[in-house]
Amino acid sequence: QVQLVESGGGLVQAGDSLRLSCVASGRTFSRNAMGWFRQAPGKERDFVAAISGSDGGTYYGDSMKGRFTISRDHAKNTVYLQMNDLKPEDTAVYLCAARSFQGGTSYSLRLADAYAYWGQGTQVTVSS
């Protein structure tokens, strides 16, 4: 059974940093893209970042560029999201996702439908 478990969320002040982790179990995703999405109450699930399995290419949502960094550790089957200069509008539940197949384009990896596996999420709250 595949499981994705996020951790690292919390309550921080504007300008602070957090590092989220997502540990995958049940199968290896080293050749598959993994991503982060976020969802605030009453809002749609938004793309945050993705990292490909083939070449390690990274992709970011427009408001995250320059502040967030996605990375992965294949040996640990883990993907990370380093978030710097956090803003109140970053407040949301952050969810980790993984594709069941290899591949994906810079466009498709931004879509929630491209991912088959999801974690339960970790809450990030940024106070002003």
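Trainee: Among contacts in the chain between residues at least 6 apart in sequence, what percentage join residues at least 24 apart?

Mentor: Keep in mind that this is a predicted model. Contact here means heavy atoms within 4.5 Å. For the chain, 60% of the contacts between residues at least 6 apart in sequence join residues at least 24 apart.

Trainee: How many helices and strands does the chain have?

Mentor: You'll find 0 helices and 11 strands. The radius of gyration is 13 Å, close to the 14 Å that the globule rule gives for 128 residues, so the chain is as compact as a globular protein of that length. Along the principal axes, its C-alpha atoms fill a box of roughly 40 × 25 × 25 Å.

Trainee: And what share of the residues is buried?

Mentor: Buried means under 20% relative accessible area. Of the chain's 128 residues, 44% count as buried. As for the surface, the chain exposes about 6,600 Å², with carbon and sulfur atoms supplying 46% of it.

Trainee: Which residues is glycine 10 in contact with, leaving aside neighbours within four places in sequence?

Mentor: Those are Leu18, Gln123, Val124 and Thr125. Also look at threonine 122: its C-alpha atom is 8.0 Å from that of glycine 10, though the two are 112 residues apart along the chain.

Notes
Residues are numbered from 1 along each chain as its sequence is written. This is a predicted model: local features need pLDDT of at least 70, side-chain atom pairs count only at pLDDT 80 or more; totals for chains, interfaces and linings use all residues. Side-chain values use heavy atoms; hydrogens and water are left out. Helices (H or I, at least four residues) and strands (E, at least two) are DSSP runs, numbered from the N terminus. The radius of gyration is taken over C-alpha atoms; the globule rule is 2.2 Å times the number of residues to the power 0.38. Buried means under 20% relative accessible area, exposed over 50%, partly exposed in between (1.4 Å probe, protein chains only). Accessible areas come from the Shrake-Rupley method with a 1.4 Å probe; for residues, only the protein chains shown count as cover.
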